[in-house]
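Subject: Structure handover

Dear colleague,

Please find below the structure that I promised to pass on to you. My notes on it follow, and I would be glad if you read them with the model open beside you.

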Amino acid sequence: MTDTAPALDVRGLSVRFRMPGGRFVAAVSDGSFRLAPGSCLALVGESGCGKSVLASALLGLLPGNADTAGSALLPDGLDLLTAGEAVLARTVRGRRIGLVPQSPAAHLTPVRTIRSHLEEAVRELNPPAASARGRRAAREAVRAAAERAAERAAFPASHLDRHPHELSGGLAQRAATALALVGDAPLLLADEPTTGLDRDLVHRTVDELRAHTGDAGRALLMITHDLAAAHRIADTVAVMYAGRIVETCPADTFFGPSGPRHPYARGLLDALPERAFTPIPGTPPELGALPPGCAFAARCPDADARCRAELPAPASGVACHHA
């Protein structure tokens, strides 16, 4: 056991969107997890389960019709859910939490080159040392730092002077990863960082993200539907379904012989080509019309009347009446 404060301590995080007609959509419900320094937690689940909404809540990037509850504490006690925009913009984003966004094209300025993006980030987040005196020396130091960041993310130097619209989806993803690495933030939040990449580049990208945690106890929260990438680098796996974290367990257990205990988590693994290659039947429920009981009951072969009527409370890391 250790008394070291977690890099991120999330407790009871909930996000509801206010909709016309007084309706609410429960995008995230009572999410809780702790991320230790030097570790990687992979948050996995099908598209639309609330993973990216949770990430946006942590950085204060939700739209105006969102209501949040719970807490998300950094080691010094700063609550990301109650911190104001000025605090998040000046002291958190890029400095204490680096973000690899899910849709990099939407986060890159279309009229500026990738080199320009990277050099601006270097000047703002990681300026050259005081020894780099003089304008020319400072410019060269910024340029070199930007090129090092690109190299870390496997972004080709030959494309640094191109604009975002001149890049493939995979190259845009690597550019976004390079930008996230510039500030060497204590916590890196990577939202689907392998989108559009071939398998070799997936491995290189996640290995570089994982390497981030080896220096000074930094931590990585990776949101992904790529279980192979999660298997490669995660210490802990948290499985999300219909806005709820239904199981959290060590990665060795999740991917090991015993496997996860929640039937949805087992179904995710069984759908892999190298396993049973059997998709989970049915579709997830609408977040605006969740059933009173377990949201997975309609798709679960083990569901009974209690499952359909009573919401299971998390116990020993899993929210299932039969686990």
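I begin with helix α5 (residues 135-152), whose 18 residues should span 26 Å at 1.5 Å a residue, and its end C-alpha atoms are 26 Å apart, which agrees; the expected span is taken as 1.5 Å times one less than the number of residues. Helices (H or I, at least four residues) and strands (E, at least two) are DSSP runs, numbered from the N terminus. This is a predicted model, in which local features need pLDDT of at least 70 and side-chain atom pairs count only at pLDDT 80 or more, while totals for chains, interfaces and linings use all residues. Residues are numbered from 1 along each chain as its sequence is written, and side-chain values use heavy atoms, with hydrogens and water left out.

Which residues of α5 are buried? They are Val 142, Ala 145, Ala 146, Ala 149 and Ala 150, where buried means under 20% relative accessible area, exposed over 50%, and partly exposed in between (1.4 Å probe, protein chains only). These residues cover an arc of only 140 degrees around the axis, which puts them on the same side of α5; the arc is that of the directions from the helix axis to the C-beta atoms. On the other side of α5, Arg 136, Arg 148 and Glu 151 are exposed. The buried residues of α5 pack against α4 and α6 (169-182), and after the helix comes Ala 154, with a positive phi near 60 degrees.

Thr 113 sits in the loop between α3 (104-107) and α4 (114-125), and this residue is buried, with a relative accessible area of 17%. Apart from its neighbours within four places in sequence, Thr 113 is in contact (heavy atoms within 4.5 Å) with Leu 160, Asp 161, Arg 162 and His 163.

Most residues other than glycine have a negative phi. Asp 30, although not a glycine, has a positive phi of about 55 degrees; Asp 30 lies in strand β2 and is partly exposed, at 46% relative accessible area. Ser 316, also not a glycine, has a positive phi of about 55 degrees; Ser 316 is in the segment after α11 (305-309) and is exposed, at 68%.

Grid points are joined across faces, edges and corners, and a volume is the space filled by probe spheres set on the points.

The search of the whole structure finds one cavity of 30 Å³ or more, and the largest cavity has a volume of about 60 Å³. Its lining includes His 262, Cys 294, Cys 300, Cys 307, Cys 320, His 321 and His 322.

The largest pocket holds about 650 Å³ of space and is lined by 21 residues, of which Arg 93, Gly 94, Leu 99, His 107 and Leu 179 lie nearest its centre. Helix α4 gives the most to this lining, with five residues.

With best wishes

Terms used: On a 1 Å grid over the protein atoms alone, a cavity is a set of points where a 1.4 Å probe fits but cannot get out, and a pocket is an open set with protein on both sides within 12 Å along at least five of seven lines; lining residues have an atom within 4 Å of a point.
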